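Colleague: Before we discuss this model, could you put the sequence and the coordinates up, so that we can go through the fold and its packing together?

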Amino acid sequence: MEEFFRLLRAGLGLESFPVRGLSRIRKVVAVLLGLAVFLWEVRRSGGVLEGLLLRLGGKLGIASERDGPYLLLRGLVRLLNYEVTKEALEEEEGSFG
């Protein structure tokens with residue numbers, strides 16, 4: 001449980017969001033909780049997705065390197081950026097054809 005809250009607070013930066021108003025705070029917390037649960041499950045289950053996200057996040061493969069939530073999050077952002085870019089390029093390609 002403690003590790004999950006550390007992921008939410010430090011890994012996803014919950015405390016650093018400059019949000020005012022209860023409704024906005026609730027929205028930010030809801031989004032970050034969903035993301036934290038997803039990343040928690042990726043870490044817990046391990047496997048191909050975790051390896052891919054860590055590699056995309058910048059894991060170097062050094063023995064002393066830690067697989068922190070920051071690497072997973074950065075890898076997820078890079079993967080999503082790739083997918084959005086790929087989709088946009090496919091749409092542009094279709095409009096010229």
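Modeller: As a starting point for this predicted model, 24% of the 97 residues of the protein count as buried.

Colleague: What does the secondary structure come to, and which pattern does the protein follow along the sequence?

Modeller: The secondary structure comes to four helices and zero strands. Read along the sequence, the pattern is therefore written with helix symbols alone, since helices and strands are the DSSP runs that are numbered here, and the protein follows α-α-α-α.

Colleague: Which element has the highest mean pLDDT, and which the lowest?

Modeller: Across the protein the pLDDT averages 82, and 84% of the residues score at least 70. Where pLDDT is low, the predicted coordinates should not be read in detail. Among the elements, the highest mean, 92, belongs to α3, while the lowest, 68, belongs to helix α1 (residues 2-11).

Colleague: Which residue forms a salt bridge with arginine 44?

Modeller: The structure holds one salt bridge, and its closest N and O atoms are 2.7 Å apart. Both partners lie in helix α2, three residues apart, about one turn of the helix.

Colleague: Which element gives the most residues to the largest nonpolar core?

Modeller: This core has eight residues, namely Leu39, Val42, Leu53, Leu54, Leu71, Leu72, Leu73 and Leu76. The elements that give two or more residues to this core are α2, α3 (47-57) and α4 (69-96). With four residues, the element that gives the most is α4.

Colleague: Which residues is valine 42 in contact with, leaving aside its neighbours within four places in sequence?

Modeller: Valine 42 is one of the buried residues of α2, which also include Val28, Leu32, Ala36 and Leu39, and it belongs to the largest nonpolar core. In soluble globular proteins, nonpolar side chains tend to be buried together. Leaving aside neighbours within four places, the contacts of valine 42 are Leu49, Glu50, Leu53 and Leu72.

Colleague: How far apart in space are leucine 49 and leucine 72, C-alpha to C-alpha?

Modeller: Leucine 49 is found in helix α3 and is partly exposed, with a relative accessible area of 35%. Beyond its neighbours within four places in sequence, leucine 49 is in contact with Phe38 and Val42. Leucine 49 and leucine 72 are 23 residues apart in sequence, and their C-alpha separation in space is 9.7 Å.

Conventions. Residues numbered from 1 in each chain as written. Predicted model: local features only at pLDDT ≥ 70, side-chain atom pairs only at ≥ 80, totals over all residues. Heavy atoms only, no water. Salt bridge = Lys/Arg side-chain N within 4 Å of Asp/Glu carboxyl O. Buried < 20%, exposed > 50% of the residue type's maximum accessible area, 1.4 Å probe, protein only. Core = buried A, V, L, I, M, F, W, Y, C linked by side-chain atoms within 4.5 Å. Contact = heavy atoms within 4.5 Å. pLDDT = per-residue confidence, 0-100.
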